[in-house]
Amino acid sequence: MLSLALGIAAAGVAIGLGLIGYSGLQGMSRQPEAIGKLQTAMLIALAFVELVFLLTVFIAPASFGGK
């Protein structure tokens, strides 16, 4: 059960990271003058998504009792 939950979390994070990257690059191509602001916002969003995955990896096993 834990491996299924981690797999679903990994898939969700992968989709989220892909969407953030796609949207960030699309915004940068539309407005090259705002690349600095878009990169900052994109990196912060990427960090939050990665944080969710890391919390899932390290917190979920404890909640499932290590099974």
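These exercises, with worked solutions, concern a predicted model of a protein chain.

**Exercise 1. Overall form**

Task: State which secondary structure the protein chain has, and set its radius of gyration against that of a compact globule.

Solution: 
- Step 1. Two helices and zero strands make up the secondary structure of the chain.
- Step 2. For 67 residues, a compact globule would have a radius of gyration near 11 Å. The value for the protein chain is 15 Å.
- Step 3. The C-alpha trace spans about 50 × 15 × 5 Å along its principal axes.
- Step 4. Among contacts with a separation of 6 or more, 71% are between residues 24 or more positions apart.

**Exercise 2. Burial and the nonpolar core**

Task: Find what share of the residues is buried, and list the residues of the largest nonpolar core.

Solution: 
- Step 1. Of the 67 residues in the protein chain, 16% are buried.
- Step 2. The largest nonpolar core consists of five residues, namely Val13, Ile20, Met28, Met42 and Val49.
- Step 3. Helix 1 (2–30) and helix 2 (35–63) are the elements that each supply two or more residues to this core. Helix 1 gives the most, with three residues.
- Step 4. Take Met28, a member of this core. Apart from neighbours within four places in sequence, Met28 contacts Ile35, Leu38, Gln39 and Met42.

**Exercise 3. Alanine 9**

Task: Decide whether alanine 9 is buried or exposed, and name its contacts beyond four places in sequence.

Solution: 
- Step 1. Alanine 9 is located in helix 1.
- Step 2. Its relative accessibility is 18%. The cut-off for a buried residue is under 20%, so alanine 9 counts as buried.
- Step 3. With neighbours within four places in sequence set aside, alanine 9 touches Phe53 and Thr56.
- Step 4. For a distance along the chain, take glutamine 26, which is 17 residues from alanine 9. The C-alpha atoms of these two residues are 25 Å apart.

**Exercise 4. The nonpolar surface**

Solution: 
- Step 1. The relative accessible area of leucine 54 is 42%.
- Step 2. As background, nonpolar side chains in soluble globular proteins tend to be buried together.

Conventions: Residues numbered from 1 in each chain as written. Predicted model: local features only at pLDDT ≥ 70, side-chain atom pairs only at ≥ 80, totals over all residues. Heavy atoms only, no water. Helix = DSSP H or I, 4+ residues; strand = E, 2+ residues; numbered from the N terminus. Rg over C-alpha atoms; globule rule 2.2 N^0.38 Å. Buried < 20%, exposed > 50% of the residue type's maximum accessible area, 1.4 Å probe, protein only. Contact = heavy atoms within 4.5 Å. Core = buried A, V, L, I, M, F, W, Y, C linked by side-chain atoms within 4.5 Å.
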